[in-house]
Amino acid sequence: EASPEPRSGRSAALRARMEERLLGARFRYLNQQLYTGTSRDAARLFRADPAAFHLYHRGFERQVRRWPERPVQRIVRYLRRRPASLVVADFGCGDCTLAASVRNQVHCFDLVPLSPRVTVCDMAKVPLAAESVDVAVFCLALMGTNLQEILGEANRVLKLGGTLMVAEVASRFEDTRAFLKAMTQLGFRTVSKDLSSSYFYLLEFAKTGPARPGPAPGLRLRPCLYKRR
Ligand code: SAH
């Protein structure tokens, strides 16, 4: 071995690259599971394997960092324009950026606590009284296939006239009009929609009344699957 240093340098780099690849593959696999199962499946998955959750979050952070703007920042700006007295529920809060960025009381819900502020639960069943919050937020968090149940839970905890904010990956919407129509059945009127970003849509709804039961076929979002890079 005439030059052990460059060699070991190379193998360390190779190992690092392999590790990256493995993490990437695991992230994509977890991500796919979250988008193709119910919210209960997600809760079960992460309860059984909290390490998977941390890995998922690292991958998520890496994805979102590539975007020109983080959707949660848009929601922060929206809340700052409104009274700080409004009570907020953040469904799928992740690292609680929202709660940390506004003066409002924010109830933070996620499957695993990335922050001590988090209440651990499945977002389809949050420990809040009916009609107790002014603003419900889903920021890149409508992951489960039981969308109707999840949005029904947001309806339950929102006061009449309360606000539902949804930020979702643009490519997930198959038929935005059908989606918005289905939302009326769930007791939500569209207040504004910002479809201008090619990365994510920002939708604002107001609660008009309780969710009406029955099928809501337009309530569909494609899974958000990431490609291998
Ligand atoms: N809203 C944050 C995080 C988005 S990532 C932000 O914009 O930065 C989506 C989050 O939803 C993840 O933290 C994930 O754990 C959470 N999530 C997914 N399914 C959930 C469920 N069934 N119940 C609660 N949280 C869930």
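Predicted model: local features only at pLDDT ≥ 70, side-chain atom pairs only at ≥ 80, totals over all residues.
The side chain of Thr-163 makes a polar contact with the side chain of Arg-82 at 2.9 Å; a polar contact is a pair of N or O atoms within 3.5 Å, where within protein one must be able to donate a hydrogen and the other to accept it, and residues adjacent in sequence count only if both atoms are side-chain atoms. Residues are numbered from 1 along each chain as its sequence is written, and side-chain values use heavy atoms, with hydrogens and water left out.

Thr-163 is placed in strand S5; strands (E, at least two residues) and helices (H or I, at least four) are DSSP runs, numbered from the N terminus. Is Thr-163 buried or exposed? Thr-163 is buried, its relative accessible area being 6%, where buried means under 20%, exposed over 50%, and partly exposed in between, with a 1.4 Å probe and protein chains only. Beyond its neighbours within four places in sequence, Thr-163 is in contact with residues including Tyr-78, Asp-134, Ala-136 and Phe-205, contact meaning heavy atoms within 4.5 Å.

Let me turn to the sheet. Seven strands form an open sheet with mixed pairing, in the order S3-S2-S1-S4-S5-S7-S6; two strands pair if DSSP finds at least two bridges between them. Strand S3 (118–120) and strand S6 (188–194) stand at the edges with a single partner strand each, so one side of each is left without a neighbour in the sheet. From one strand to the next, the twist averages 20°. Angles run from 0 to 180 degrees between N-to-C directions, with axes as lines fitted to C-alpha atoms, for helices over the stretch in contact.

Strand S1 (residues 88–91) pairs with strand S2 (residues 106–110) in the parallel sense over four bridges. Ala-89 has His-107 in S2 as its bridge partner. Helix H6 (residues 147–157) packs on the sheet, and its direction makes about 145° with that of S5. Helix H7 (residues 176–185) lies across S5, S6 and S7, running at about 20° to S7.

Finally, the ligand. A polar side-chain atom of Asp-122 lies 3.0 Å from a ligand nitrogen.
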